[in-house]
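Hello,

Here is the structure I said I would pass on. Please open it first, then read the notes below.

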Amino acid sequence: MQPEFISIWVNGEPKNVLPNQSVSALLNTLKITSDRVAVELNKSIVRSRDWEKTIIPNGSQIEVVEFVGGG
């Protein structure tokens with residue numbers, strides 16, 4: 001039987017999320033606009049083209065960095 005939620009860390013904060021979520025689904029769940037971010041999963045960069053197929057395991061550490069433009 002699969003757990004109802006898994007525990008992960010996002011930018012240093014604990015989160016409980018649904019299991020078998022992709023990086024893309026997590027960004028949607030967290031309401032993070034994905035067009036200007038970089039994602040690191042367990043200390044490895046995940047390319048945006050791989051977000052849909054990269055499933056987040058229980059206990060993962062995720063860093064989401066937003067790019068901010070300015071002038």
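Start at Ser24. Leaving out residues up to four places away in sequence, Ser24 touches Trp51 and Glu52. Contact here means heavy atoms within 4.5 Å. The side chain of Ser24 also makes a polar contact with the side chain of Glu52, at 3.0 Å. A polar contact is a pair of N or O atoms within 3.5 Å; within protein, one must be able to donate a hydrogen and the other to accept it, and residues adjacent in sequence count only if both atoms are side-chain atoms. Ser24 sits in helix H1, residues 23–29. Ser24 counts as buried because its relative accessibility is 15%. The cut-offs are under 20% relative accessible area for buried, over 50% for exposed, and partly exposed in between, with a 1.4 Å probe and protein chains only.

Before you go further, two notes on the source. This is a predicted model: local features need pLDDT of at least 70, side-chain atom pairs count only at pLDDT 80 or more, and totals for chains, interfaces and linings use all residues. Residues are numbered from 1 along each chain as its sequence is written, and side-chain values use heavy atoms, with hydrogens and water left out.

The overall picture

Helices (H or I, at least four residues) and strands (E, at least two) are DSSP runs, numbered from the N terminus.

Of the 71 residues in the protein chain, 31% are buried. Take the contacts with a separation of 6 or more: residues 24 or more positions apart account for 51% of them. The protein chain exposes about 5,100 Å², and carbon and sulfur atoms supply 49% of that area. Accessible areas come from the Shrake-Rupley method with a 1.4 Å probe; for residues, only the protein chains shown count as cover.

On charge, there are 7 positive and 8 negative, and their mean positions are 5 Å apart. Lys and Arg count as positive, Asp and Glu as negative; His and the chain ends are not counted. Each charge is placed at NZ of Lys, CZ of Arg, CG of Asp or CD of Glu.

Now look at the loop between strand E2 (13–17) and H1, where Ser22 is found. Ser22 is buried, with a relative accessible area of 8%. Its side chain reaches the backbone nitrogen of Ala25 at 3.0 Å. Beyond four places in sequence, Ser22 is in contact with Trp51, Glu52, Thr54, Ile55 and Ile56. Ser22 and Glu52 are 30 residues apart in sequence, yet their C-alpha atoms are 5.5 Å apart.

Gln21 lies in the loop between E2 and H1. Is Gln21 buried or exposed? Gln21 is buried, at 9% relative accessible area. The side chain of Gln21 reaches the backbone nitrogen of Leu26 at 3.4 Å. Not counting residues up to four places away, Gln21 touches Leu26, Thr29, Thr54, Ile55 and Ile56. Gln21 and Pro57 are 36 residues apart in sequence and 8.4 Å apart in space, C-alpha to C-alpha.

Asn20 is in the loop between E2 and H1. Asn20 is not a glycine, but its phi is positive, at about 60°.

The end of strand E3

Leu41 lies in strand E3, residues 37–41. Leu41 is buried, with a relative accessible area of 11%. Which residues does Leu41 contact, leaving aside neighbours within four places in sequence? They are Val46, Thr54, Ile55, Ile56, Ser60, Gln61 and Ile62. The C-alpha atoms of Leu41 and Lys53 are separated by 13 Å, and these residues are 12 apart along the chain.

Asn42 is in the loop between E3 and strand E4 (44–46). Asn42 is partly exposed, at 39% relative accessibility. Its phi is near 50°, a positive value in a residue other than glycine.

Best wishes
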